[in-house]
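Here is a short report for a first look at this structure. Start with the view below, then read on.

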Amino acid sequence: RRAPLLAPSFLAADLANLQAETERLADSAADWLHFDVMDGRFVPNISFGLPVLQAVARHAKQPLDVHLMIEEPQHYLSAFRDAGASIITVHLEACPHLHRVVQQIKQLGCKAGVALNPHTPVAMLEDIAADLDVVLVMSVNPGFGGQAFIPNTLKKVAMLKELLVDAGSDALIEVDGGVSLDNAGPLVEAGADVLVAGNFVFSAPAGPVATLASLRDHLA
Ligand code: DX5
Ligand code: ZN
């Protein structure tokens, strides 16, 4: 089994000190920096958007992994690329023309991800799997950090892994929501390649750098 990539979620960071947060992650075990954009329409919460991403990008060393929990994401793809996104993930449930949106993201030179809400079956990806760089499996209902991990995610990741192999897709499986030392090992066993973690990393008394290191060591 290969060590997964770790992607701390800025939603749980100190939002009044984003430069400091970005800089202290620079030499940590973080592989990607996960950035949750919420519009108050697709999800019942509003987080942060383009100007904040642009500010973070000025200090970031790792690729910026942008998770768009917004309706009609097609209107904002080039703006997020220009603001510094390396990976852009849209929700399947927000895109009636998902194939077109995925092609648009790739044409911008970004890696293309598709996110699935907890109730969306992985089978919905059958006809697009080979075009994807990332599939993001939500292990909580999107909108808030600090929620409990939904156990069915383990089975879902295993099914997705099988689907990707069958489709000849080398898309990475990213798991997002309630990830901690309690479920990270089984998630990787099931096929997860990227683990997003918000509160587990930023709310730990040891701080994010030590907590990311312990997560990495736990999975080694
Ligand atoms: C939830 C976001 C997640 C969130 C994860 O809608 O997509 O990225 O920040 O936070 P934790 O790890 O606290 O569940
Ligand atoms: Zn996210």
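## A buried aspartate

D36 counts as buried because it has 24 C-beta neighbours inside 10 Å. Buried means 20 or more other C-beta atoms within 10 Å of a residue's own; exposed means 12 or fewer, and partly exposed lies in between, with C-beta atoms placed from the backbone. D36 lies in strand β2, residues 33-38. Strands (E, at least two residues) are DSSP runs, numbered from the N terminus.

Leaving aside neighbours within four places in sequence, D36 contacts S9, L11, S47, H67 and M69. A contact means C-beta atoms, placed from the backbone, within 7 Å.

## Basis of the model

This is a predicted model: local features need pLDDT of at least 70, side-chain atom pairs count only at pLDDT 80 or more, and totals for chains, interfaces and linings use all residues. Residues are numbered from 1 along each chain as its sequence is written, while chains are lettered from A and ligands numbered from 1 in the order in which they are written.

## The annotated pair

An unreviewed UniProt entry lists D36 and D176 under "active site". Such annotations may be inferred rather than shown by experiment; positions follow the numbering used here, and feature names are shortened. The two are spread over 141 residues of sequence, yet they cluster in space, with a largest C-alpha distance of 10.5 Å.

D176 sits in strand β7, residues 172-176. D176 is buried because it has 25 C-beta neighbours inside 10 Å. Among its contacts beyond four places in sequence are H67, L136 and V196.

Definitions and conventions
Helix = DSSP H or I, 4+ residues; strand = E, 2+ residues; numbered from the N terminus. Contact = placed C-beta atoms within 7 Å.
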